[in-house]
Amino acid sequence: MKKIHFSEWGIDSPRYWGMLALLGAFIAVAGLSVLYMEHNGHWVTGMTNQIVWGMPHVFAIFLIVAASGALNVASIGTAFDKKVYKPLGRLSALLAITLLAGGLAVLVLDLGQPGRLLIAMTHYNFKSIFAWNIYLYMGFMAVVALYIWFMMDWRMNKYYKPVGILAFLWRIILTTGTGSIFGFLVARQGYDAAIMAPMFVIMSFAYGLAVYILVLMFTFKVDGREVGDVVLRRLKNLLGVFAAAVFYFTLVYHLTNLYGTENHAYEAFILRDGGIYTLLFWGGWVFVGCLLPIGIVYHPSLGKTRGGIIAAATSVILGGLATVYVIVIGGQAFPMAIFPGKTIVASGFFDGVNGQPFLYSPTLAETLLGIGGFALTLMLTFVAIRVLRFLPASLADEVADPHYAKS
């Protein structure tokens, strides 16, 4: 394995500034959407008394979960001492920070009144998982920033592995906290499950790695850098394992729910009678997010092509958005059991109504705000790799593969 050299992203200026201008346009449109919702009130969105977390939360939660998973590539190289992954660590850690920044930006801008952020930052209820997550998110950024410093500064090399292990543990705790938001919400039938925490952890592995693969291949392609088959083969095989693990947790989650009679109505809603939620579950969560990428990755010929790897990673991301939509919005659309065993005659909050598949319709403003989070993530990433040495000069097999000379 040859010595790895890192350099700034060296694409020509017109193309670089053109990409930033395009991303800036998406961010500006997202900003206008925020002003529109903040000025008119949240009644202009699709959110209601029952659906209080809408499309912006779907994008925000996906980005936050993917941020944790994006760091997995660096963690494999540091915590588990896998040499082939070590050159990939800098970009991995950078994406962890930028994805989290994009997700948190969407979350904060959907508060309705920006002043509420000051309350959230100064008044803590430690019986609430939301209060814990403020510390987890900010701590994650600080630890990963420190991790990047120690990776890039040879003088701090002796502290590199301990900080890498700390970052690995912190990201597991972070995603466990995000999944616990749903696991601790006992009022919602679709959320109250201990398996939510580990399921979100494995979802983060898949979604973060998919984003990492696409960003790595794009940045190397436009800059004329080489990514060897060894690196891509390892990444895509890992993606297949994570997609299969997400499918396994999905089966366990729903089979466990079906075992308890109290959950039969919710399972019938999601799996059979939920309209758009049922469609997104089977078509998005199961097929596009799990089965399709598994089939592509392990196909004897398609899985060896660059196009196949891009298709598998894209499929995981699209399926991940569908998964989060079903969990977040589908879980709210199913009515709360305010008085178990009783029939509610009338309620303005749809309590006791047996399933409302079309209770929520995302509006354009909400969707544009969520897309703005992705644009912010990419802009921060592209600016960082342009000014600092995050990218290896080459990931060709003879450079990145520690066993190349023996093959």
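Is Asp81 buried, partly exposed or exposed? Asp81 is partly exposed, because its relative accessible area is 42%, and the cut-offs are under 20% for buried and over 50% for exposed. This is a predicted model.

## A loop residue with a positive phi

Asp81 sits in a loop. On one side of that loop is α3 (72–78), and on the other is α4 (89–109). The backbone at Asp81 also deserves a look. Its phi is positive, at about 55°. Yet Asp81 is not a glycine. Most residues other than glycine have a negative phi.

## A nonpolar patch on the surface

Four residues make a nonpolar patch on the surface: Phe126, Trp132, Tyr135 and Phe184. Together they have about 460 Å² of accessible area.

Take Tyr135 from this group. Tyr135 belongs to helix α6, which covers residues 129–152. Its relative accessibility is 45%, so Tyr135 counts as partly exposed.

## The nonpolar cores

Now look inside. The largest nonpolar core has 121 residues. Seven of its members touch the most other members: Trp9, Leu71, Leu91, Tyr147, Phe182, Leu235 and Ile327. Helix α8 (residues 196–222) gives the most to this core, with 19 residues. There is also a second, separate core of 7 residues. Among its members are Val34, Met37, Val106 and Leu369.

Leu235 shows what such contacts look like. Leaving aside residues up to four places away in sequence, Leu235 touches Val73, Tyr85, Leu88, Leu209, Tyr212, Ile213 and Leu216.

Where is Glu366? It lies in helix α13, which runs over residues 364–387. Glu366 counts as buried because its relative accessibility is 0%, and buried means under 20%.

What does the side chain of Glu366 meet? A polar contact of 2.7 Å links it to the side chain of Tyr360. Tyr360 is also on the list of residues that Glu366 touches, once residues up to four places away in sequence are set aside.

Ser33 is 333 residues away from Glu366 along the chain. In space, their C-alpha atoms are 7.2 Å apart.

Terms used: Residues numbered from 1 in each chain as written. Predicted model: local features only at pLDDT ≥ 70, side-chain atom pairs only at ≥ 80, totals over all residues. Heavy atoms only, no water. Helix = DSSP H or I, 4+ residues; strand = E, 2+ residues; numbered from the N terminus. Buried < 20%, exposed > 50% of the residue type's maximum accessible area, 1.4 Å probe, protein only. Polar contact = N/O pair within 3.5 Å; in protein donor to acceptor, adjacent residues only side chain to side chain. Contact = heavy atoms within 4.5 Å. Patch = residues over 30% accessible without salt bridge, like charges linked within 9 Å, V, L, I, M, F, W, Y side chains within 5 Å. Areas by Shrake-Rupley, 256 points an atom, 1.4 Å probe, with all protein chains shown as cover. Salt bridge = Lys/Arg side-chain N within 4 Å of Asp/Glu carboxyl O. Core = buried A, V, L, I, M, F, W, Y, C linked by side-chain atoms within 4.5 Å.
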